[in-house]
Amino acid sequence: MARLPYPDPDSSPEPVREALAALPSLNIFRMLSHAQTAFRPFLRFGGAILGRLELDPKLRELAILQVAADAGAKYEWVQHASIARQVGVPEEQIAAVEAGRLRDPSLGDGERAVLNFAREVVAVPRVSDATFASVSELLSPREIVELLLTVGNYLMLARVMTTLELELDDPAGEQVLGSSERS
């Protein structure tokens, strides 16, 4: 059971009710709706991350999976493994991230650079010069900032999920991607 009760959408203010009605019925969205004034702006930000970045969706999802693995966020892993499959991340790469095998032959240099970058962003205050150089060879300045925003957003979500002990939902990748396109 979650450490906080999930808000009753019927008791929520109209803007929160409307937002929840447009989303997949997931515990993360319900829990985030406690933050009534931040909820809709957060959803717009999350929609931009999932649907409007220059950063390649496959790299985005690998980075999110790396955050989920490093943060111990099973909820995030379950949801984003599904989304990763939908955007074309091969099963071998998902399994490699899950097992912590960043040298797995299924991962190319670009994927490794993004995964190492995400891992260091989560673990230390400043990524190493070597890690930054490797990601800079692959990504534009815009994509690097988008990658940082993605990692930061999903680390924050991971902490909401783990601190509040959200119950797992079935994967809703297709619905989540669809709702991000509408937000």
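This is a predicted model: local features need pLDDT of at least 70, side-chain atom pairs count only at pLDDT 80 or more; totals for chains, interfaces and linings use all residues.

Visitor: Okay. Is D129 buried or exposed?
Guide: D129 is exposed, because its relative accessible area is 55% and the cut-off for exposed is over 50%.

Visitor: And how far is D129 from R17 in space?
Guide: C-alpha to C-alpha, 46 Å. Along the sequence, D129 and R17 are 112 residues apart.

Visitor: Let's talk rings. How many aromatic pairs are there?
Guide: The count is one aromatic pair. F117 and F132 make it, with 6.5 Å from centre to centre and 50° between the planes, so the pair is classed as tilted.

Visitor: Which helices does that pair tie together?
Guide: F117 belongs to helix 7, residues 109–123, and F132 to helix 8, residues 129–138. The pair therefore links parts that are 15 residues apart in sequence.

Visitor: How far is L148 from I94?
Guide: Their C-alpha atoms are separated by 20 Å, and the two residues are 54 apart along the chain.

Visitor: Back to helix 7. What does R112 touch?
Guide: R112 is in helix 7, and it touches L102, R103, D104, P105 and L107, if you don't count residues up to four places away in sequence.

Visitor: Switching topic: how do helix 1 and helix 3 cross?
Guide: Helix 1 covers residues 14–21 and helix 3 covers residues 36–51. Their axes come within 9 Å and cross at roughly 35°. The crossing is left-handed.

Visitor: Which residues meet there?
Guide: From helix 1 you have P15, V16, E18, A19 and L20. They meet Q36, F39, R40 and L43 of helix 3.

Visitor: What kinds of residue are in that contact?
Guide: Six are nonpolar, one is polar and two are charged.

Visitor: What's S33 doing around there? Which residues does S33 touch?
Guide: S33 is in the loop between helix 2 and helix 3. Leaving out residues up to four places away in sequence, S33 touches P7, V16, L20 and F39. V16, L20 and F39 also take part in the contact of helix 1 with helix 3.

Visitor: So is S33 buried or exposed?
Guide: S33 counts as buried, at 1% relative accessibility.

Visitor: Last one. What's the phi of E165?
Guide: Near 55°, a positive value in a residue other than glycine.

Visitor: Where is E165 found?
Guide: In the loop between helix 9 (141–163) and helix 10 (173–182). E165 is partly exposed, with a relative accessible area of 42%.

Terms used: Residues are numbered from 1 along each chain as its sequence is written. Side-chain values use heavy atoms; hydrogens and water are left out. Rings of Phe, Tyr and Trp (its six-membered ring) pair if their centres lie within 6.5 Å; planes under 30 degrees apart count as stacked, over 60 as edge-to-face and the rest as tilted. Helices (H or I, at least four residues) and strands (E, at least two) are DSSP runs, numbered from the N terminus. Contact means heavy atoms within 4.5 Å. Axes are lines fitted to C-alpha atoms, for helices over the stretch in contact, and angles run from 0 to 180 degrees between N-to-C directions. A crossing is left-handed if the near helix is turned anticlockwise from the far one by less than a right angle, and right-handed if clockwise. Ala, Val, Leu, Ile, Met, Phe, Trp, Tyr, Cys and Pro count as nonpolar, Asp, Glu, Lys and Arg as charged, and the others, Gly among them, as polar. Buried means under 20% relative accessible area, exposed over 50%, partly exposed in between (1.4 Å probe, protein chains only).
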